[in-house]
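Trainee: Could you help me learn how to read aromatic ring pairs in a protein model? I would like the general idea, then the case at hand.

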Amino acid sequence: MASINDVAKRANVAKSTVSLVLNNNGYVSKETRLKVEKAISELNYIPSQIGRNLSHNRTNLIGIIIPDAAHPFYGSFIKYAEEALYHKGYKTMICATIEKENMEQEFLDMLKSHTMDGIIMGAHSLLQEQYKKLKQPIVAFDRNLGNGIPLVQADHNRGGYLAAEIFEECGCKNIVQVSGARIVNTPAHEYHISFEKALNDKGISVNCIEMPHNAFNEEDFIKTAEMLFDLYPGADGIFGADLLILACIREAARRNKKNQVKFVAYDGTYVTRLCEKTIDAIVQPVKEMSYVCAEIMDILVKGEKLQKWHNVFPVSVQREYNK
């Protein structure tokens, strides 16, 4: 494979002159430019994109940190964020933190060493203090990383109230909600808080189950569903994230209770529309949020002024009859 030195030798010019032609930066006479371009064509020379980026103090590489790439919500986020970043000239590197103890730290070290231009952080991280110390571009996706770090999230407070309205409408009196680990500093906790408050204000009690930190495996949802029905056999309403609700529907069917329980999911990803009946859900606009994360990252990498640091997107209601 030809190198930049081979091109310089063939064109009988300095290596720096070839670099000027490749980067279209600085004066090169028309005659010399034609000689270099001819040498590049004859040698089928392909410039190193990494080297060119580094010469501009850029890598055009963005890291995306999420808990689990197989999870429908985070998988969708990756799909749309990667698409949006690609159209802005960036490549992406994905870090799924589940069962990879040091992976997130390695990504942060890569950012510090300028191996990538920025990170979109959506994992259930416990390294919040480290993000505050970084000077490189960071975009927080549904994570509270502190002042000075732009945040993109759904309107979880509204989402909780909308879910409560569905259960109230159905006349449920013995409701159980399942939340993620409260140790994670995420705005998503707001929907559990507003959900419980809205129902308590109506005189309806809510029992709560908290899943362990980073519990995203199939076994985690199945065990939680089994535990829920063991602890609350009289539950007539269950509220939680999509995969948890699917596991609960399966467990309810196994116990011949499927028609006795109202299920409402939170996230509203495509899996809630693949069942025999569409599952009632509060839908987060993951595509729109992904695009805005990419837009903010591009602004930060280019050193431009960011106008809006906290972006809150409205949620919507998906009902069984809206197929």
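Mentor: Gladly! Rings of Phe, Tyr and Trp count as a pair if their centres lie within 6.5 Å. Keep in mind that this is a predicted model.

Trainee: Which residues do ring pairs link into a cluster?

Mentor: Phe-73, Tyr-74, Phe-77, Phe-141 and Phe-216 are joined into a cluster by ring pairs. Searching the whole structure gives eleven aromatic pairs.

Trainee: And how is a single pair described?

Mentor: One gives the distance between the ring centres and the angle between the planes. For Phe-73 and Tyr-74, the centres are 5.4 Å apart and the planes stand at 80°, so this pair is edge-to-face. Phe-73 and Tyr-74 are both buried.

Trainee: What kind of pair do Phe-77 and Phe-141 form?

Mentor: A stacked one, because their planes are at 10°, with the centres 4.0 Å apart; planes under 30 degrees apart count as stacked. This pair links distant parts of the chain, with Phe-77 in helix H5 and Phe-141 in strand E4, 64 residues apart. Phe-77 and Phe-141 are both buried.

Trainee: Where does helix H5 lie?

Mentor: Helix H5 (residues 72–87) lies across strands E1, E2, E3 and E4, and runs at about 170° to E1. Those strands belong to an open sheet of six, ordered E2-E1-E3-E4-E5-E11 with parallel pairing. Its edge strands are E2 and E11, each pairing on one side only.

Trainee: How many bridges join E3 and E4?

Mentor: Three, in the parallel sense. Ile-120 stands opposite Val-139 in E4.

Definitions and conventions
Residues are numbered from 1 along each chain as its sequence is written. This is a predicted model: local features need pLDDT of at least 70, side-chain atom pairs count only at pLDDT 80 or more; totals for chains, interfaces and linings use all residues. Side-chain values use heavy atoms; hydrogens and water are left out. Two strands pair if DSSP finds at least two bridges between them. Helices (H or I, at least four residues) and strands (E, at least two) are DSSP runs, numbered from the N terminus. Contact means heavy atoms within 4.5 Å. Axes are lines fitted to C-alpha atoms, for helices over the stretch in contact, and angles run from 0 to 180 degrees between N-to-C directions. Rings of Phe, Tyr and Trp (its six-membered ring) pair if their centres lie within 6.5 Å; planes under 30 degrees apart count as stacked, over 60 as edge-to-face and the rest as tilted. Buried means under 20% relative accessible area, exposed over 50%, partly exposed in between (1.4 Å probe, protein chains only).
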